[in-house]
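Please have the sequence and the structure in view while reading.

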Amino acid sequence: MQIKTAYFGELEVGEDKILFFPWGLPGFEHLRRFILLEEKGFFWLQSVEEENIVFALCDPFLYFPDYEIELSSTECQALGITSHREVIVLAIMNILSAQEIGVNLLAPIVINCGLKIGKQVVLEGSPYGLRHILRLEGANATSQ
């Protein structure tokens, strides 16, 4: 299928590449179908249904080495997760400036790659917040 995007132009996407978010994303509950694009170590979660909706994501374990999450059995059941090997965890980023990015470690995007189902999960009782700073310095990034 062909989808229009505001930032990547028209893309040809196979149905097998579409991720389903049964609950949408907070503030975008009406959007359920997304594709995941990767570019230079970062990711973009592009809505299939609205061309202007795209989220910038990163691998939080890469930039925040001490980052840990534990999903509840309810979340695992909702996403059909039976093994950590079938899961990817990404964090939504907010661009604060050319050198500084805010990363939401409190509510990561969890995707069951096998079932192609995703959800933004709020980590109850987590020490993480909505905006952890990631600084871009040349080609390198450092976290705080």
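## Burial and basis of the model

A residue is called buried when its relative accessible area is under 20%, exposed when it is over 50%, and partly exposed in between, with a 1.4 Å probe and protein chains only. Buried residues, in this sense, make up 42% of the 144 residues in the chain.

The model is a predicted one, in which local features need pLDDT of at least 70 and side-chain atom pairs count only at pLDDT 80 or more, whereas totals for chains, interfaces and linings use all residues. Residues are numbered from 1 along each chain as its sequence is written, and side-chain values use heavy atoms, with hydrogens and water left out.

## Fold and dimensions

The chain holds two helices and twelve strands, where helices (H or I, at least four residues) and strands (E, at least two) are DSSP runs numbered from the N terminus. Read from the N terminus on, the elements follow the order β-β-β-β-β-β-α-α-β-β-β-β-β-β.

The radius of gyration, taken over C-alpha atoms, can be set against a globule rule of 2.2 Å times the number of residues to the power 0.38. For 144 residues a compact globule would have a value near 15 Å, and the chain, with 15 Å, agrees. Along the principal axes, the C-alpha atoms fill a box of roughly 40 × 35 × 25 Å. Among contacts (heavy atoms within 4.5 Å) with a separation of 6 or more, 48% join residues 24 or more positions apart.

## Salt bridges

A salt bridge is counted when a side-chain nitrogen of Lys or Arg lies within 4 Å of a carboxyl oxygen of Asp or Glu, and by this rule the count comes to three. One of them joins glutamate 15 and arginine 33, whose closest N and O atoms are 3.8 Å apart. This pair links distant parts of the chain, 18 residues apart, with glutamate 15 in the loop between strand S2 (9-12) and strand S3 (19-20) and arginine 33 in strand S4 (residues 33-39). Arginine 33 counts as partly exposed, because its relative accessibility is 25%.

Glutamate 75 and lysine 119 meet in another salt bridge (2.7 Å, N to O). Glutamate 75 lies in helix H2 (residues 73-79) and lysine 119 in strand S10 (residues 117-120), so the pair ties together parts that are 44 residues apart in sequence. Both glutamate 75 and lysine 119 are buried.
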